[in-house]
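Trainee: Could you take me slowly through one part of this model, the mixed sheet and the helices that pack on it?

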Amino acid sequence: MLEDRAPAVSSATRWPTAYPQGYAVVDVETTGLARHDRIISAAVYRLDARGEVEDHWYTLVNPERDPGPVWIHGLTSEVLEGAPLFTDIAEEFAARLDGRVLVAHNAVFDWQMIAREYARAERRAPVRQRLCTIALSKELGLPLPNHKLESLAAHFGVVQQRAHHALDDARVLAEAFRPSLRAAAAAGVRLPLLECRPLTEWSDAPVPRQSSPGYGGYGAGSWRPSRKRPACPYPNPGRYEDGRPLKQGMRVAFSGDTSTERELLEDRATECGLHVASGISRLTSLLVTNDPDSGTSKTVKARQFGTPVVDEAAFGQLLRDVEPADE
């Protein structure tokens, strides 16, 4: 059934030479969504250059803390008690990822959770690029009602058996990615690949107690704990103009998936004398996003206000030569 829904790509068809040589379709279940949360299970389906499954792997991971929303992932403290620690499976996990593009649904989340675990273990995940299947479905113009995995699966006739189980979610995504990849190849679509930069900064600040039902109190290392940024000392010189440099004091906002960890990107902007804004207003000088058509509240407001928009790569270039503020 999957083959019928995907465009025919015969062996004689010229496969885009720029496409990667292999993929690692990944899903991780976690104790939550915050920076201090931990991976409790992980699955990897390795695919060849044309999306055919080579093998798959699955493991539970003991997070050494409360498992979080058990009602979602079904993994209790009792189930995870005898599971290996992340340090125990880090080498095998790395071998599954090595030399491949990491593919995930909302890939920035899976990548950041993986990268943080490797940072805790004082190692680096061998991943150089990632591909988000949400972004790929947008590039292909798939008529999906929303960006949930179940909608992508339904579009390609993939049957989901255990939602929020890492192994089944990875299987479903692998089966949906194969026809997506073939559709992209047949149409000559450029794959939306983003760079993965390993995270190396780790702080052992305590994690605050959780008050939500199902979350017990715990203490553990925290990934770059949130902090209040100092006020920008420079006045806002106005909006960014295409072809001109940024100027200290400009208000910059960010939206969507970025290759660089968002907080690190914001740190660079602050260090250059820019004002990092949490939202968009008529005073915002620039919005940085790799997906201006995403429909997020920030991109919608940017269009309404006429706020200039640049992607992450262009912003990185602009940060190299920021004009000093007027005296």
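Mentor: Start with the order of the strands, for this open sheet has 6 of them, arranged β3-β2-β1-β4-β5-β6 with mixed pairing (strands, E, have at least two residues and helices, H or I, at least four; both are DSSP runs numbered from the N terminus, and two strands pair if DSSP finds at least two bridges between them). At the edges are β3, residues 53-60, and β6, each of which pairs on one side only. From one strand to the next, the twist averages 25 degrees (angles run from 0 to 180 degrees between N-to-C directions, and axes are lines fitted to C-alpha atoms, for helices over the stretch in contact).

Keep in mind that this is a predicted model, in which local features need pLDDT of at least 70 and side-chain atom pairs count only at pLDDT 80 or more, while totals for chains, interfaces and linings use all residues. Residues are numbered from 1 along each chain as its sequence is written, and side-chain values use heavy atoms, with hydrogens and water left out.

Strand β4 (residues 101-104) and strand β5 (residues 129-132) run parallel and are joined by 3 bridges. Within this pair, Leu102 stands opposite Arg130 of β5, and Ala104 stands opposite Cys132 of β5.

Helix α4 lies across β1 (22-30), β2 (39-48), β3 and β4, and it runs at about 165 degrees to β3. Helix α8 also packs on the sheet, where it touches β1, β2, β3, β4 and β5, and its direction makes about 145 degrees with that of β1 (contact means heavy atoms within 4.5 Å).

Helix α4 (residues 86-97) and helix α5 (residues 107-120) have axes that come within 10 Å and cross at roughly 130 degrees. From the α4 side, Phe86, Ala90, Phe93, Ala94 and Leu97 meet Ile114, Glu117 and Tyr118 of α5. Sorted by class, the residues of this contact are 7 nonpolar, no polar and 1 charged (Ala, Val, Leu, Ile, Met, Phe, Trp, Tyr, Cys and Pro count as nonpolar, Asp, Glu, Lys and Arg as charged, and the others, Gly among them, as polar).

The partner of α8 is helix α6: the axes of α6 (residues 133-140) and α8 (residues 166-187) come within 11 Å and cross at roughly 35 degrees. In this contact, Thr133, Leu136 and Leu140 of α6 meet Leu173, Phe177, Ser180, Ala183 and Ala184 of α8, and these residues divide into 6 nonpolar, 2 polar and no charged.

For comparison, turn to another open sheet, which has 4 strands in the order β8-β7-β9-β10 and parallel pairing. Its edge strands are β8 (275-276) and β10 (309-310), and each of them pairs on one side only.
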